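Have it open while you read.

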Amino acid sequence: MRLRSLGVALAATAALITLPTIQPPAAAAADANLSQGRTATASSNENAGTPAAYAVDGDTGTRWSSAATDDQWIQVDLGTGATISQVVVNWETAYGKDYKIQSSSDGSTWTDLRTVTGSDGGTDTLAVSGQGRYVRLQGVHRATAWGYSVWEFQVFGTTGPSQPGTCSTADSAQGRTASASSTENAGTPASAAVDGNDSTRWSSQAADPQWLRVDLGSSQDVCKIDLNWEAAYGKDFQLQASADGQNWSTLKTVTGATGGRASYDVSGTGRYVRVLGTARGTVYGYSLWGVAVHTTSGGTGGPVQGGGDLGPNVIVVDPSTPNLQQKFDQVFAQQESAQFGAGRYQFLLKPGTYNGINAQLGFYTSVSGLGINPDDTQINGDITVDAGWFNGNATQNFWRSAENLAITPSNGTDRWAVAQAAPFRRIHVKGGLNLAPNGYGWASGGYIADSKIDGTVGPYSQQQWYTRDSSVGGWTNGVWNMTFTGVQGAPASNFETGPYTTLDTTPVSREKPFLYLDGNDYKVFVPAKRTNARGVSWPANAGTSLPLSQFYVVKPGATAATINTALAQGLNLLFTPGVYHLDQTINVTRADTVVLGLGLATIVPDGGIDALHVADVDGVRLAGFLIDAGATRSDTLLQIGPAGAGADHSANPTTMQDVFIRIGGAGPGLATDSVVVNSDDVVIDHTWIWRADHGEGVGWETNRADYGLRVNGDDVLATGLFVEHFNKYDVVWSGERGRTIFFQNEKAYDAPNAAAITHDGVVGWAAYKVADTVAVHEAWGLGSYCNYTSDPSIVQHHGFQVPVKAGVRMHHLQVISLGGKGQYAHVINDTGAPTSGTDTVPSKVTSFP
């Protein structure tokens with residue numbers, strides 16, 4: 001708790017402080033407040049009661065405050081590029097003595113607009129000149145022992161078409177969905193206030209407070225709100241806006257109103273608008289004949305429209321489609337060996353029965369059924385992955401997928417000989433499944449979830465595999481690491497003598513969103529969270545359906561600016577197959593946003609920006625896409641939650657599913673961090689984070705990436721974690737109560753010598769490190785392999801490094817030298833036998849400590 005008496009002592013010394021030279025611009029009065037009600041983020045929050053949003057809510061009684069260190073910041077996303085003329089900082093007692101005002105077009109690269117030294121707090125009105133979508137207050141030195149604390153952070157300027165002068169006369173609320181805290185009776189529902197009829201009304205119960213809310217359908221710039229009160233009016237009330245219907249910004253506070261008709265000029269952005277009554281003007285409830293909302297977009301839903309067609313690389317078929325086999329064959333001929341090519345394809349199969357089909361899948365090719373259940377789409381034939389293109393070696397069969405259909409294999413057993421990044425989800429195999437290539441050559445996969453295999457699964461030459469929430473008729477053999485959670489029919493654990501790690505249930509899971517047809521309409525089904533799951537989620541199908549109209553359908557040629565505008569409007573994203581180069585970071589700020597890719601849609605950040613940032617909000621779903629590092633180093637390719645995030649998302653976690661990261665291979669790529677998870681309760685369900693060991697632009701420094709995955713959030717769960725070849729730690733886990741179920745790793749092949757990877761007196765960076773500060777962590781089924789081709793004499797100290805504490809428990813770990821190219825001295829810390837020379841035999845530790 002901050003001591004309010006601190007301000008007295010500071011005021012006594014104010015005369016000793018050198019004041020900044022601050023002159024307001026003459027034209028400032030003509031410019032709009034662009035920041036109020038916009039999305040704000042910060043480096044930290046002092047506590048849950050002082051979030052960044054409170055500095056841009058227009059309420060001088062709420063504030064943002066930071067942690068008590070100098071290097072802290074708050075930034076606001078203006079929603080579009082702007083010419084910035086003035087910034088006003090209204091400091092609380094704990095102010096910044098020295099700070100900078102900065103702008104950015106992408107939220108990553110910043111330009112200094114103004115440097116302030118010797119501020120004395122109070123209100124600083126700063127003339128600036130610059131452009132940008134993002135504006136940041138970057139603290140340099142605090143004036144007190146506390147953090148930085150700001151009542152209001154205001155940014156003034158112009159953005160063109162979104163100015164108050166273009167406020168539409170159309171009513172964006174009319175006919176929209178409305179809800180209320182209460183209704184007086186069935187004849188006065190919330191909808192009656194937005195039906196355009198002044199003879200119908202909403203009325204509430206006779207109590208304070210009460211509210212009426214309208215959903216505009218998408219995020220819009222709100223410029224005016226008209227109220228038409230019945231005799232039972234509101235004396236004191238607030239007009240508010242929200243992006244998610246949960247977190248509200250106050251646009252205007254009204255006191256002493258007298259009812260009747262009134263119009264209020266406001267400035268803010270949101271999908272939801274609310275009238276929040278705090279004091280009634282009569283003994284009755286609140287009663288409104290009408291509420292009209294005017295926006296600068298004229299009520300059209302904003303500049304980006306949802307829905308539409310699925311673009312040129314989505315192939316939609318039904319059982320009567322002519323030459324269907326030829327369509328599969330044509331794509332396969334192009335994609336079979338195009339490991340680093342630009343082609344991306346998605347086959348969507350309408351419900352029905354397909355006879356005599358063999359859909360062979362090459363690189364960047366996905367096939368999915370369009371039913372609500374897998375058995376709605378029946379294939380009497382095969383979905384096949386084999387390795388003829390690579391002389392029977394399946395270790396590079398990456399980046400392809402099958403989902404949401406049923407297969408009756410033509411010879412009784414389907415072949416799915418894949419490596420990493422090739423998910424097999426929501427499939428009913430009415431027969432067996434062979435995970436090895438023809439001839440039983442090398443194979444290095446893989447992942448199955450939410451699937452039924454009626455027959456036996458034969459991994460044969462597969463080195464490792466993870467299966468979750470499924471059922472199998474049997475499972476035979478495997479090489480090193482076969483891990484199962486929530487799988488009916490799974491073999492019993494035998495890790496000491498064999499490859500199996502089996503857990504009866506999966507602690508938390510939520511299946512990946514998928515596209516389906518409801519009649520003739522495309523929708524995206526978003527499955528519900530399951531706890532202690534066992535077996536498939538279908539046909540029960542708990543979850544929600546979203547119409548395609550609530551998605552911006554991203555097609556090749558789309559810009560990052562348009563993508564971010566769509567997100568700011570409240571739309572979800574559906575990336576169609578293609579390669580998308582970004583010149584600004586994609587920012588997901590709304591709770592429950594879905595970002596779904598088809599056909600391994602690929603995002604490439606150019607110019608050193610980060611690819612994708614997710615705010616510290618509930619329930620974001622990231623699924624089905626690839627992030628490919630650009631030639632200029634990015635700081636972080638994917639960030640979930642800002643630094644210092646700490647909100648509780650246990651009821652509705654963010655999920656990251658079939659999201660793959662690649663650094664190099666298709667050309668030089670650079671990143672410091674690949675994925676950073678700062679939010680709590682995130683579920684990482686199948687990812688391959690890969691620093692390339694082959695392809696174009698590969699070399700110790702050419703495609704340098706120091707870290708694969710950093711987890712700073714608490715209560716994060718990873719199921720099916722594949723992370724390989726990073727220059728330093730592949731995984732660093734710093735959050736509390738983290739859990740990993742199945743981990744597959746190879747150390748960087750191209751480490752030039754032992755000296756290049758020696759740190760803190762230790763040879764080699766652990767594949768999986770739990771930070772020394774962590775008190776509770778648990779993991780099952782982990783493997784790390786070394787193949788030091790540049791210097792086979794390297795002896796890595798260990799594969800795993802954890803603090804020795806009662807709450808840190810590791811189960812079923814193994815390290816392996818691939819053909820004697822490098823060795824491990826231990827498995828975990830200083831425990832476990834060294835690897836076995838050239839014999840490629842695992843060295844195991846069943847439990848630690």
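1. The charged end of Lys844 is placed over the Phe495 ring, 4.4 Å from its centre. Arg710 does likewise with Tyr707, its charged end being 3.9 Å from the ring centre. The criterion here is NZ of Lys or CZ of Arg within 6 Å of the ring centre and within 35 degrees of the ring normal.

2. Before going on, some ground rules: this is a predicted model, where local features need pLDDT of at least 70 and side-chain atom pairs count only at pLDDT 80 or more, while totals for chains, interfaces and linings use all residues. Numbering runs from 1 along each chain as its sequence is written, and side-chain values use heavy atoms, with hydrogens and water left out.

3. Now for ring on ring. Rings of Phe, Tyr and Trp (its six-membered ring) pair if their centres lie within 6.5 Å; planes under 30 degrees apart are stacked, over 60 edge-to-face, and the rest tilted. That rule gives 34 aromatic pairs. One of them is Phe363 with Trp399, tilted, at 6.4 Å centre to centre and 50 degrees between the planes. Phe363 sits in the loop between strands S18 (352-360) and S19 (365-369), and Trp399 in the loop between S20 (377-384) and S21 (400-408), so this pair ties together parts 36 residues apart in sequence. Strands (E, at least two residues) and helices (H or I, at least four) are DSSP runs, numbered from the N terminus.

4. Buried means under 20%, exposed over 50%, and partly exposed in between (1.4 Å probe, protein chains only).

5. Phe398 and Trp688 make another tilted pair, 4.5 Å centre to centre with 45 degrees between the planes. This one links distant parts of the chain: Phe398 is in the loop between S20 and S21, Trp688 is in strand S45 (residues 683-691), and they are 290 residues apart. Phe398 is buried at 3% relative accessible area, and Trp688 at 1%.

6. Both pairs turn up in one aromatic cluster, whose members include Phe363, Trp399, Phe398, Trp688 and Trp690.

7. Zooming out, the protein has three helices and 58 strands. Buried residues account for 61% of its 849 residues. The C-alpha trace spans about 85 × 70 × 45 Å along the principal axes.
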